[in-house]
Amino acid sequence: MTRGVPITSSTKHSLQSFSGVGPQLAAKLGKIGILTPEDLLFHLPLRYQDRTKLTPIADLRAGVEAVIVGQIDGANVRFGRRRSLIVSVSDHSSTIVLRFFHFNKNQQLGFKPGAWIQCFGEARRGSKSLEMVHPEYKIFQQQPKLKMQESLTAVYPSTEGVGPATIRKLVDQALNRHIHNLTEILPAAVQNEFGLMPLSQALLTAHRPQPDADTVALLNGTHAAQQRLALEELLAHHLALNQLRQKRYRELAPKIVTCGRSWNSLVKVLNFDLTVAQNRVIKALFSDMAKGQPMLRLVQGDVGSGKTVVAAAAALHVIDSGFQVALMVPTELLAEQHRKTFHGWFDKLEIEIECLTGKLTTVNRRNAIARIASGQAKMVIGTHALFQKQVEFNCLGLMIIDEQHRFGVDQRLALRSKSNLENTVPHQIIMSATPIPRSLAMIFYADLDVSSIDELPPGRKSVHTVVLPGTRRQEVANRIRTVCQSGQQAYWVCPLIEESEKLQAQAATETHAILKTLLPELEVELIHGRLKSKDKESIMQRFSDGDIDLLVSTTVIEVGVDVANANLMIIENAERLGLAQLHQLRGRVGRGAEQSACVLMYQPPLGTLAKERLGILRDTNDGFKIAQKDLQQRGPGELLGTRQTGLQQLRIADLARDKSLLPKIEKIAGKLQQDYPHLIQPLVDRWLVHSDQYANV
Ligand code: ADP
Ligand code: MG
């Protein structure tokens with residue numbers, strides 16, 4: 001691509017001319033992507049500290065940073081769980097404790113009773129009163145003449161081996177020398193039309209706010225300067241993904257055109273009618289794959305909306321055309337379930353299915369790999385085991401990734417590279433039950449096409465959800481007894497916040513023992529990630545056959561598990577889980593015709609956010625609404641998962657806060673593509689440290 005904007009000589013030079021920058025520091029800066037003065041200008045503050053005013057101790061609030069001045073009452077070493085130095089400080093209004101965990105003798109002796117001290121730090125709730133832990137401080141023998149900062153202090157992202165003072169000095173030099181010859185990439189016409197502040201002014205304000213700047217707006221990130229930068233940053237990301245889409249259009253993929261023989265025969269024997277939404281999405285997939293360019297389509301649909309059969313439709317088309325299909329799933333449990341489902345559908349069509357998971361014996365695995373390599377296995381279902389080096393496909397035409405949020409971009413890439421087809425890449429379907437609000441998808445999935453299965457199969461009743469404290473366990477047990485004695489089944493999920501499978505398994509094992517004694521008349525079983533695959537399978541099989549009444553489990557059943565007769569779910573410690581995960585878990589019930597229920601149990605007391613979260617789940621079953629709320633509560637990083645999308649950390653934009661910019665960004669992107677295509681690359685290069693990180697996704 002040609003560069004329309006000349007590279008401004010001085011802003012792109014190396015940093016070696018900066019005072020204080022030797023080869024060592026330059027190397028450290030290089031590691032975090034700071035190579036030129038311009039990179040420094042775009043090394044933006046994470047937040048601001050307010051050192052402009054003095055706060056009386058009595059007015060301090062927990063969680064807020066402030067400057068205080070007072071007199072030292074005394075200093076003592078406490079030998080508690082952790083040795084600490086406690087310094088008591090009073091002003092005219094009240095007293096506060098400073099706490100140091102790391103200190104030396106001199107430091108300790110410096111806190112003389114009666115001396116004056118000025119501190120800056122965040123007040124926290126201590127055991128008795130407010131405390132400041134490791135504040136910045138200065139001691140004076142006399143009452144100091146106060147010199148407050150005139151404006152907010154920028155706080156930069158911490159960087160390995162480069163202190164905040166160094167970064168400040170470097171940024172100052174960059175601002176002094178280079179801000180005035182910085183290239184404004186966005187054309188004046190665009191700036192005027194959309195009322196944008198000039199870039200240099202925005203950067204100056206963001207780095208060094210003036211005393212008269214709107215402090216509240218700056219602290220909230222809503223200042224016009226910050227918004228100007230956020231807009232340009234999001235625009236750059238959007239354009240980068242658009243470039244990817246363009247690149248994909250230039251690649252080749254197998255052209256899938258068939259008369260649909262296999263799919264048509266399957267439709268006839270399905271024991272349900274497809275929903276309108278399913279049919280619409282299937283049609284989109286068929287038409288994508290007929291084009292000879294690689295399809296990359298995200299199919300999002302709430303839990304239970306019937307994504308699997310949609311995937312099967314696409315798979316059959318591809319197999320009819322003589323290519324192989326890989327279906328990648330995050331857990332063995334789900335792989336096993338899909339294997340059964342696909343056997344049920346494909347056996348009559350005499351399509352060979354291979355299931356590759358970690359649990360295969362060496363011989364079986366070798367055979368499976370051979371059948372995949374020879375092309376004999378047409379439909380390959382697998383877990384991460386598909387990434388093994390030895391796995392090579394003969395003619396992979398389509399990759400389907402189920403429960404996309406559990407996989408990283410790199411894993412998708414790894415699979416794509418396993419096709420032996422020359423000069424072509426396989427089509428991809430990405431399936432997700434975590435719907436992304438449209439505004440977000442527009443910016444961050446700009447490289448994908450998105451389809452929504454926005455309708456549940458008919459007859460589904462929404463899950464009746466209640467929120468109860470853990471103290472009412474006995475009542476809940478009684479409810480389970482009634483439900484199970486009427487012939488239905490139930491789940492009891494014990495999530496732990498720890499990622500550790502071991503601890504999770506432990507908690508579930510304990511609960512299992514308790515429930516067995518509480519419910520002696522029921523068949524109560526336990527499943528968790530540390531069981532042998534064979535045991536997991538046989539338990540799932542017995543549950544699915546109705547031989548187990550109550551299944552106690554960890555979150556291993558979170559994705560995919562589909563047993564229609566299970567109508568009651570208890571989730572313990574629900575306050576510890578996020579909205580999306582709770583919704584996923586709850587999606588395991590409500591799959592049959594019976595009214596189903598979900599009990600969200602919590603350990604009191606319940607925090608405000610957790611209360612709100614559980615309330616949302618009680619009030620709605622709509623995955624889209626829940627995703628919106630999740631976005632508000634946790635921000636898009638959590639929702640999209642930085643790892644999952646390959647998204648770079650944003651420097652200044654915050655998608656939850658800056659949502660209102662998105663329509664503008666879409667318009668500006670359109671304008672650039674139309675009238676100023678040569679500006680796109682420079683813009684992308686400016687904001688994405690390694691813009692090629694998206695390149696192969
Ligand atoms: P998910 O979208 O959560 O992956 P599944 O594909 O597992 O959902 O489907 C959930 C259940 O609904 C399965 O038992 C499936 O057979 C059934 N199902 C799928 N489509 C329909 C439909 N159109 N009508 C009735 N049941 C359906
Ligand atoms: Mg599914």
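This is a predicted model: local features need pLDDT of at least 70, side-chain atom pairs count only at pLDDT 80 or more; totals for chains, interfaces and linings use all residues.
1. An N or O atom in the side chain of Thr308 lies 2.6 Å from an oxygen atom of ligand 1, and a polar side-chain atom of Gln278 is found 2.9 Å from a nitrogen atom of ligand 1. Ser305 takes part through its backbone, where a polar atom is 3.4 Å from an oxygen atom of ligand 1. As for the surface involved, ligand 1 taken alone exposes 570 Å², of which the protein buries 82%.

2. Turning to the strands, β5, which spans residues 116-125, pairs with β6 in the antiparallel sense over 3 bridges, and the hairpin that joins β5 to β6 passes through 4 residues. Within this pairing, Arg125 stands opposite Leu130 of β6.

3. Strand β6, covering residues 130-133, is also joined to strand β4, residues 95-100, by 3 bridges, and here the two strands run parallel. Arg99 stands opposite Val133 in β6. Strand β6 therefore has two partners to keep in mind when the region is inspected, with β4 parallel to it and β5 antiparallel, and in a regular strand the side chains alternate between the two faces of the sheet.

Terms used:
Residues are numbered from 1 along each chain as its sequence is written. Chains are lettered from A and ligands numbered from 1 in the order in which they are written. Side-chain values use heavy atoms; hydrogens and water are left out. Two strands pair if DSSP finds at least two bridges between them. A polar contact is a pair of N or O atoms within 3.5 Å; within protein, one must be able to donate a hydrogen and the other to accept it, and residues adjacent in sequence count only if both atoms are side-chain atoms. Accessible areas come from the Shrake-Rupley method with a 1.4 Å probe; for residues, only the protein chains shown count as cover.
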